[in-house]
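Here's a quick briefing for anyone meeting this structure for the first time. Have a look at the model, then read on.

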Amino acid sequence: MSNTAMALIFFGLFLGAGVYSFWKQKIAKSVIAVLAIGSVMCLSAGLMRL
């Protein structure tokens, strides 16, 4: 596993935890949507680099 793939997967999980946290705090849906899209993009890029 390359360092870039590992970093992208870690950052995607970090953003995913932020989505969960913001959802629990009832933050604006647009902020949650942007974080979720970023999380999915990071995770998919990390998985494709494997």
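Where is Lys 26 found? Lys 26 is in the loop between H1 and H2. Before going further, note that this is a predicted model, where local features need pLDDT of at least 70, side-chain atom pairs count only at pLDDT 80 or more, and totals for chains, interfaces and linings use all residues. Residues are numbered from 1 along each chain as its sequence is written, and side-chain values use heavy atoms, with hydrogens and water left out.

**The overall picture**

- The chain has two helices and zero strands; both kinds of element are DSSP runs numbered from the N terminus (helices are H or I with at least four residues, strands are E with at least two).
- Helix H1 covers residues 3–24, and helix H2 covers 29–48.
- Along the principal axes, the C-alpha atoms fill a box of roughly 35 × 15 × 10 Å.
- Buried residues make up 24% of the 50 residues in the chain; here buried means under 20% relative accessible area, exposed means over 50%, and partly exposed is in between, using a 1.4 Å probe and protein chains only.
- Of the contacts in the chain with a separation of 6 or more, 65% are between residues 24 or more positions apart; a contact means heavy atoms within 4.5 Å.

**The loop**

- Phi of Lys 26 is near 60°, a positive value in a residue other than glycine.
- Most residues other than glycine have a negative phi.
- Lys 26 is also exposed, with a relative accessible area of 73%.

**Rings and a charge**

- How many aromatic pairs does a search of the whole structure find? There is one.
- That pair is Phe 11 with Phe 14, and it's stacked, at 6.3 Å centre to centre with 20° between the planes.
- For the cut-offs, rings of Phe, Tyr and Trp (its six-membered ring) pair if their centres lie within 6.5 Å, and planes under 30 degrees apart count as stacked, over 60 as edge-to-face and the rest as tilted.
- Phe 11 and Phe 14 are about one helical turn apart because they are three residues apart in helix H1.
- Phe 11 counts as partly exposed at 41% relative accessibility, while Phe 14 counts as exposed at 53%.
- Elsewhere, the charged end of Lys 29 sits over the ring of Trp 23, 4.3 Å from its centre; that label needs NZ of Lys or CZ of Arg within 6 Å of the ring centre and within 35 degrees of the ring normal.

**Who touches whom**

- Ile 9 and Cys 42 are 33 residues apart in sequence, but 6.3 Å apart in space, C-alpha to C-alpha.
- Leaving aside neighbours within four places in sequence, Ile 9 is in contact with Cys 42, Leu 43, Gly 46, Leu 47 and Leu 50.
- Phe 22 is found in helix H1 and is partly exposed, with a relative accessible area of 27%.
- With neighbours within four places in sequence set aside, Phe 22 is in contact with Ile 27, Val 31, Ile 32 and Leu 35.
- Leu 35 lies in helix H2 and touches Leu 15, Gly 18, Val 19 and Phe 22, not counting residues up to four places away in sequence.
- Phe 22 and Leu 35 are 13 residues apart in sequence and 9.4 Å apart in space, C-alpha to C-alpha.
- Leu 35 and Ser 2 are 33 residues apart in sequence and 24 Å apart in space, C-alpha to C-alpha.

**A patch on the surface**

- Met 1, Met 6, Leu 47 and Leu 50 make a nonpolar surface patch of about 470 Å².
- Patches are made of residues with over 30% relative accessible area and no salt bridge, with like charges joined within 9 Å and nonpolar side chains (Val, Leu, Ile, Met, Phe, Trp, Tyr) within 5 Å.
- A salt bridge is a side-chain nitrogen of Lys or Arg within 4 Å of a carboxyl oxygen of Asp or Glu.
- Leu 50 is in the segment after helix H2 and counts as exposed, at 57% relative accessibility.

Notes: Accessible areas come from the Shrake-Rupley method with a 1.4 Å probe; for residues, only the protein chains shown count as cover.
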